[in-house]
Amino acid sequence: MIVQKFNERQQVLQIQGLHVNICRNEREVSEGENIKYEYDVEEFDINNEEDIDKEVEAHMLFLLHEYDKSDKVNCFYLNNKPFWLDKATRVGLKLRFEAEKTLPYKTDTSLWMNGVLIPIEIEKGLEMLYQLEIYASLCYDVTSFHEMNIKSFKDVYKKASYDFTGGYPEKLSL
């Protein structure tokens with residue numbers, strides 16, 4: 001993605017031979033007395049013009065999944081600091097905390113995140129993991145909904161202009 005400024009508003013989807021531009025997230029920018037239009041522009045080439053619908057759909061699904069993997073979705077705050085734990089790490093920590101919970105002398109544990117030691121009560125650690133799992137599941141549902149929408153559009157312009165950034169739950173603050 002590149003950011004580009006134009007003197008005039010741009011169409012969302014621009015096809016020039018086998019080259020495609022998708023202009024997203026329009027912003028008006030003042031430059032002195034002039035107003036310009038700034039866009040996040042996705043550029044890619046297609047194999048042939050007959051496949052434009054499939055190519056745009058594939059590109060939009062790629063962008064959706066990149067967004068889904070980004071810290072715009074995969075992020076929670078612990079002590080006002082951003083973190084993320086992937087599925088495998090959440091499962092591993094849950095097993096560890098549950099095992100530690102069986103020890104009669106153990107009530108606290110250590111949580112290492114991004115090189116930071118966070119002492120935490122085992123019960124609070126489990127509660128945090130349950131909340132994270134619910135958050136991650138809700139995000140998965142939203143991403144799946146967006147994927148279904150992108151695939152369902154028959155109009156290639158609707159595919160290209162679809163906003164897949166909405167509907168995600170508010171990030172957790174733990």
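View 1. Phenylalanine 97 counts as buried, because its relative accessibility is 0% (buried means under 20% relative accessible area, exposed over 50% and partly exposed in between, with a 1.4 Å probe and protein chains only). The model is predicted: local features need pLDDT of at least 70, side-chain atom pairs count only at pLDDT 80 or more, and totals for chains, interfaces and linings use all residues. Residues are numbered from 1 along each chain as its sequence is written, and side-chain values use heavy atoms, with hydrogens and water left out. When residues up to four places away in sequence are not counted, phenylalanine 97 touches Thr109, Leu111, Ile122, Gly125, Leu126 and Leu129 (contact means heavy atoms within 4.5 Å). Between the C-alpha atoms of phenylalanine 97 and leucine 129, which are 32 residues apart along the chain, the separation is 9.8 Å.

**View 2. Packing of helix H2 against helix H3.** The axes of H2 (residues 87–101) and H3 (residues 122–152) come within 10 Å and cross at roughly 155 degrees. H2 is therefore roughly antiparallel to H3. Helices (H or I, at least four residues) and strands (E, at least two) are DSSP runs, numbered from the N terminus. Axes are lines fitted to C-alpha atoms, for helices over the stretch in contact, and angles run from 0 to 180 degrees between N-to-C directions; angles under 35 degrees count as roughly parallel, over 145 as roughly antiparallel, 65 to 115 as roughly perpendicular and the rest as oblique. The crossing of H2 and H3 is left-handed, a term for a near helix turned anticlockwise from the far one by less than a right angle, with clockwise being right-handed. H2 contributes Lys87, Arg90, Leu93, Lys94, Phe97, Glu98, Glu100 and Lys101 to the contact, and H3 contributes Ile122, Glu123, Gly125, Leu126, Leu129, Tyr130, Leu132, Glu133 and Ala136. By class, the contact of H2 with H3 has eight nonpolar, one polar and eight charged residues (Ala, Val, Leu, Ile, Met, Phe, Trp, Tyr, Cys and Pro count as nonpolar, Asp, Glu, Lys and Arg as charged, and the others, Gly among them, as polar).

View 3. The axes of H1 and H3 lie 10 Å apart, at an angle of about 170 degrees, so H1 is roughly antiparallel to H3. Five nonpolar, three polar and four charged residues make up the contact of H1 with H3. Glutamate 57 lies in H1 (residues 52–69) and counts as buried, because its relative accessibility is 19%. Leaving aside neighbours within four places in sequence, glutamate 57 is in contact with Ile150, Lys151 and Lys159.

**View 4. Aromatic pairs of the structure.** The structure holds seven aromatic pairs (rings of Phe, Tyr and Trp, the last by its six-membered ring, pair if their centres lie within 6.5 Å; planes under 30 degrees apart count as stacked, over 60 as edge-to-face and the rest as tilted). Phenylalanine 6 and tyrosine 39 form an edge-to-face pair, 5.8 Å centre to centre with 65 degrees between the planes. This pair links strand S1 (residues 2–6), which holds phenylalanine 6, with strand S4 (residues 34–45), which holds tyrosine 39, the two residues being 33 residues apart. Tyrosine 39 is buried, with a relative accessible area of 2%. The pair of tyrosine 67 and tyrosine 168 is tilted, because the ring centres are 5.8 Å apart and the planes are at 55 degrees. Tyrosine 67 in helix H1 and tyrosine 168 in the segment after helix H4 (156–161) are 101 residues apart, and both tyrosine 67 and tyrosine 168 are buried. Ring pairs also link Phe76, Phe83, Trp84 and Tyr135 into a cluster.
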